[in-house]
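Dear colleague,

Please find the structure below, handed over for your review. A short account of the findings follows it.

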Amino acid sequence: MEGLAMLRQLIGQLQELVGSHPPPPHYQHHLQLQLQLPPLLRHRHSQQPQQDHHHHHHLLRWCPINVDEGSADDYYSFMMAAGKSGSYKMMEPCKPPPTKRSRKERTRGKSSETTNTTEPMEQNIWKDFPEDLYEAVIARLPIATYFRFRTVCRKWNSLLDTESFSQHCAEVPQTTPWFYTITHENVNSGAMYDPSLKKWHHPTLSSLPTKLIVLPVASAGGLVCFLDIGNRNFYVCNPLNQSFKELPARSVKVWSRIAVGMTLNRSSTSGGYKILWVVCDGEYEVYDSVTNSWTRPGIMPSGVKLPLSLNFRSQAVSIDGTLYFMRSDPEGIVSYDMATGIWKQFIIPTPLHLTDHTLAECGGRIMLVGLLSKNAATCVCIWELQKMTLLWKEVDRMPNIWCLEFYGKHVRMTCLGNKGLLMLSLRSRQMNRLVTYNVSSREWLKVPVCVVPHGRKRQWIACGTAFYPTPTAVP
């Protein structure tokens with residue numbers, strides 16, 4: 001009897017639910033047929049062929065049951081059988097189909113939710129917020145916010161120059177590099193791309209010379225190294241805080257094309273940095289920011305074949321204080337250890353049908369990116385250098401659907417950044433595309449078009465380099 005009483009209570013709740021949600025009109029005939037059957041036969045009558053299962057599954061949800069007919073065992077058997085068959089679901093009234101809201105309604109709903117959850121900040125509480133925590137919080141804000149909060153007040157503007165704030169920034173891990181690029185339309189000002197926000201920034205580096213064309217050639221610790229187009233003078237600048245330095249004149253006057261690399265003496269720019277330039281005949285010099293001077297550490301060893309036949313399309317790669325440059329005859333890599341001053345040469349054959357290739361690095365691994373062309377097909381491929389065999393192993397390719405756009409076209413590629421996240425400029429007479437490739441996640445993404453500030457004119461990227469944005473770094 002106790003089981004029957006509980007069952008009656010449950011059926012009563014179901015009937016109240018059914019009463020509040022009446023069945024659709026086209027089910028009335030089926031409901032009358034169900035009501036005329038005995039309790040046990042109602043379930044048997046619902047066992048229709050498989051193709052009509054969904055129709056009766058919906059019908060059973062609306063079928064009222066009279067608990068006064070039959071015994072408790074009958075209803076217990078009915079409930080168990082329905083539960084096992086999966087055709088009976090408790091508390092499942094029919095729901096109307098969802099209606100699609102307009103974009104304005106969705107936006108209005110989100111804004112109202114945000115407004116309701118936002119609470120005013122109590123001045124009595126926040127005025128005593130500790131100064132050290134205050135700097136720690138700001139150091140962990142998105143990099144793009146530094147452009148805005150410096151204009152709030154003088155205190156915030158001078159915050160970037162404090163040593164304590166620099167220490168907080170040094171504790172924040174650097175994950176995603178930015179890209180400093182030069183456009184064909186305006187060679188005297190750059191455009192910076194933030195891949196985390198997929199947004200272009202257009203800083204004004206007033207300290208750089210305006211009468212000369214200077215190009216970014218290397219970076220380290222948030223600093224970007226520039227070289228004028230005549231290969232005469234070097235400049236180091238932080239694009240975020242506008243700090244700038246012109247390096248002293250070199251002791252050796254070289255007018256031929258040079259390759260440039262840059263490393264940090266320690267983990268941050270506070271310990272200084274070094275810049276190396278080298279030409280194909282083996283002449284080279286090293287600049288040390290600690291002494292603010294250029295030195296000639298020695299001569300190229302006899303084990304390195306001269307001329308170097310450097311690949312100037314490929315920027316140098318820096319790994320643990322060692323710079324790696326790509327050469328073409330013989331094919332391979334030459335390296336220079338900034339700490340020991342030792343040059344090494346590695347003979348590494350380049351993959352067949354490869355053009356516009358350049359070095360890259362990710363987590364201490366040396367990578368190679370280039371265009372693989374055969375017949376009329378062209379594809380961007382990624383290789384990793386195997387340390388044991390000194391051979392290139394292909395690890396990824398651009399998606400085929402993207403490569404179809406290159407079919408039958410004479411495509412050229414420029415790598416604008418080679419620090420874990422690559423920016424590739426792919427262009428021909430009919431197209432100009434910018435894409436990024438994440439070496440770790442193997443993710444390809446298209447870069448939004450770079451346009452003139454406050455305008456619609458599209459800018460074409462000429463060259464660039466990757467750098468880790470560091471607001472407190474100074475040259």
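How many aromatic pairs does a search of the whole structure find? The search finds 10, where rings of Phe, Tyr and Trp (its six-membered ring) pair if their centres lie within 6.5 Å, and planes under 30 degrees apart count as stacked, over 60 as edge-to-face and the rest as tilted. In one of these pairs, the ring centres of Tyr 193 and Trp 200 are 5.0 Å apart and the planes stand at 45°, so the pair is tilted. Tyr 193 and Trp 200 are both buried (under 20% relative accessible area, with exposed over 50% and partly exposed in between; 1.4 Å probe, protein chains only).

Tyr 273 and Tyr 287 also form a tilted pair, with 6.2 Å between centres and 45° between planes. This pair links distant parts of the chain, 14 residues apart: Tyr 273 belongs to strand E9 (residues 273–278) and Tyr 287 to strand E10 (residues 284–288). Strands (E, at least two residues) are DSSP runs, numbered from the N terminus. Ring pairs join Tyr 273 and Tyr 287 with Phe 234 and Trp 294 in a cluster.

Charges also sit over rings (NZ of Lys or CZ of Arg within 6 Å of the ring centre and within 35 degrees of the ring normal). Arg 250 lies over the face of Trp 277, 5.1 Å from the ring centre, and the charged end of Lys 446 is over the ring of Trp 402, 5.2 Å from its centre.

Please note that the model is predicted: local features need pLDDT of at least 70, side-chain atom pairs count only at pLDDT 80 or more, and totals for chains, interfaces and linings use all residues. Residues are numbered from 1 along each chain as its sequence is written, and side-chain values use heavy atoms, leaving out hydrogens and water.

With kind regards

Definitions and conventions: Helix = DSSP H or I, 4+ residues; strand = E, 2+ residues; numbered from the N terminus.
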